[in-house]
Amino acid sequence: MSSRDIVLGRIRRALGPVPDEPYETAVDRDYAREHGARTTEQTVDLLAENLADYRALVHRTDRDELPDLLMQLLALRGAQSVLVPPALPPGWLAAADPVRIHDRAACTTAELDRADSVVTGCAVAIAETGTLVLDGSPDQGRRRITLIPDHHICVVRVPDQVVSSVPQALRRLDPGRPLTWISGPSATSDIELDRVEGVHGPRTLEVVLLTGSPEACA
Amino acid sequence: MSGTYLGMPAFPAAARDAVRDATLRANLRHATHTIRDKRAKAVAELDDWARLREAGRQIKDHTLRHLGDHLLRLEETVTAAGGTVHWATDADEANRIVTGLVRATGEREVVKVKSMATQEIGLNEALEAAGIRAYETDLAELIVQLGQDRPSHILVPAIHRNRGEIRDIFAREMERWGRPAPDGLTDSPAELAEAARLHLREKFLRAKVGVSGANFMVAETGTMVVVESEGNGRMCLTLPETLISVVGIEKVVPTWRDLEVFLQTLPRSSTAERMNPYTSMWTGTTDGDGPAAFHLVLLDNGRTDTLADEVGRQALRCIRCSACLNVCPVYERAGGHAYGSVYPGPIGAILSPQLRGTASEIDASLPYASSLCGACYEVCPVAIDIPEVLVHLRERVVQGGEFTRHGAKTTLRPARGHAAERAAMRAAGLVFARPGLLRAGQRLAARTRRIHPRTLPGPGRAWSATRDLPTVPEESFRDWWRRTRGRGAEATGAAGARTEDGEAGA
Ligand code: SF4
């Protein structure tokens, strides 16, 4: 008998006869879809607040100012090179100086390790938890590019990419894509529970809340 | 489980030594109180906490009652998404499968995400015996591994080490494992974290095989979920060419939507954060992003035996948040090592004897490693009634009875030398069968707290001789809840006395 059959057989014997209970009605889903009533503007404010509370640096701008802001943020970090996902709207980095590095299959992780910063878009941002979700779309790139550099700038289009809560975010996401949920920069509390930012992921997370229509800076 | 830690004394003896260690006690006390207080605040932010907790309980209970169906569905969806599913009845088989998979890649080293399942089966040792080196990459696990130590807490495994000790371990040991610690390393947490970053980065960038566990597996979609803070998880899950995840069969949840419950309750219960810094979700393999090969090893290793016990089964609801450790007066004094298993604290006291059986002295003593104060139940985000299971297991140890071991029904003979506990247990059983009595008892205890003895009489004396008894709170939790939450609380507790579960004041 295969181990699969053994385990499944043990489960059957452990449970005995089980009544037919459709899953749809087995769980009371009377918990909240979101916590508190907020206007769209308040939801965006809450996102900014919660991101900052977990030590992300938050900026707000509109489509006209975005290229200059990104240029400044990269310059302030002294970034010589910046990783760019395949379909980042080209206008976004129009004013930036650093060398663009494009992530290709042939790129070794050691090569990516030499990039100073990475700039990406975002799939969904969750206000109540201060979370950004990346889903590997062409404006966000593969998972590794937001992991290896020490500085990540994530541009969130507000309000259309912002939801209030975790339940709302899951509805919008496609489970078939690789998903990375980011809440503040990498952190550890393993040493006497003192929080230290950045062990392996980017130590600095900057979030740009971009107002204007989705095609604003394309 | 692969067995107890070698030469591990029974809980009372191990606890006695731990309680004498003043540094350990101070470290633990600081840590558990800090997390506990922060957690209460994080939980208070969600006014539907009691309903989320109940939904979590229901999801897990339904999953367990239909476990076979959900696992088959999971196998189907993971396979359809490009993954390969393996089944392991016990630790040895799981280790054989993983070792074989690593060998097939031709690699001699793997990077690991912190995972209790792989600790439970002793995977690192099995890999080492096969000539494969496993690098732990979680900072705390690294501290534990370099210090040739054992983890003492689910969430913060090196909680028993202070910064000076960590500095010494890094300065002394890093060189033997790879990049040495920087010269003149101090004990500042930022510097220590930086040393770990540099030490591990060279391993991440060259690793071809990653090994992980998972917090959740979604049957409906085949999605795996790993929740972490440091980014070492993301490194191990996305940079290697081959990813092997070893996951207990109880970690499956039926639907994608179920994550909305656990992604709200887990981070707040464990690290007291609204959300942990990183959560990774992947479904099989994705072209051009992440590992080209994904293997899922579904682990039984005593879980089906636990499932066969209708009272004890609820331990399989556990989402390993560690909230119960941080509120446990016994854990706070004894520390995680005294439990002699990878699962310490209240959850360890009920899970380990079920996964391993109660044949060994330590496993037979674990159901007694509790004061039955009930704090663990109050904080548990999936409402596991740990005191109820403890009493049930004591009964099994003392009176013997039917239970399942390796899938076969077995009868346990009553343990010798437990006559005194038997009497104590009967009293406890009586009280727990009647919630009214429990309430009255708690209130009485609170009123008479000034005359409480410093040591326990009778069989409890040996236990209490080496530690301070936890002080009895002025007011029992139930009374506090009634007073502060009043009628609203009663209304949400409609499902019975056991659902009056606000954690905010626990
Ligand atoms: S038993 Fe409950 S409180 Fe303890 S670790 Fe498991 S889920 Fe958390």
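Predicted model: local features only at pLDDT ≥ 70, side-chain atom pairs only at ≥ 80, totals over all residues.
Local features require pLDDT of at least 70 and side-chain atom pairs pLDDT 80 or more, whereas totals for chains, interfaces and linings use all residues. Residues are numbered from 1 along each chain as its sequence is written, chains are lettered from A in the order in which they are written, and side-chain values use heavy atoms, with hydrogens and water left out.

The size of an interface is often given as the accessible area lost when the parts come together. Chain A and chain B bury about 7300 Å² between them, 57% of it on carbon and sulfur atoms (buried area being the accessible area, with a 1.4 Å probe, that two parts lose on being put together, summed over both). Arg143(A), Asp190(A) and His200(A) supply 11% of the area that chain A buries against chain B, more than any other three residues. In terms of contacts (heavy atoms within 4.5 Å), 72 residues of chain A meet 92 residues of chain B.

Between the two chains, 41 residue pairs, both at pLDDT 80 or more, are in polar contact (a pair of N or O atoms within 3.5 Å, one able to donate a hydrogen and the other to accept it; residues adjacent in sequence count only if both atoms are side-chain atoms). The count of salt bridges between the chains is 10 (a side-chain nitrogen of Lys or Arg within 4 Å of a carboxyl oxygen of Asp or Glu). One of these joins Arg201(B) to Asp113(A), with the closest N and O atoms 2.6 Å apart.

Elements that give two or more residues to the side of chain A that touches chain B include helix 2 (40–53) and strand 9 (179–182) (helices being DSSP runs of H or I with at least four residues, strands runs of E with at least two, numbered from the N terminus). The largest share, 10 residues, comes from helix 1 of chain A. Strand 9 of chain A pairs with strand 9 (residues 278–283) of chain B in the antiparallel sense over four bridges (pairing requires at least two DSSP bridges). Thr180(A) stands opposite Ser280(B) in strand 9 of chain B.

Chain B contains 23 helices and 12 strands. Of its 506 residues, 62% count as buried (under 20% relative accessible area, with a 1.4 Å probe and protein chains only). Ser370(B) is found in the loop between helix 17 (361–365) and helix 18 (375–379) of chain B. A polar atom of the Ser370(B) side chain lies 2.8 Å from the backbone nitrogen of Leu372(B). Not counting residues up to four places away in sequence, Ser370(B) touches Val330(B), Leu390(B) and Arg394(B).

Key:
Buried < 20%, exposed > 50% of the residue type's maximum accessible area, 1.4 Å probe, protein only.
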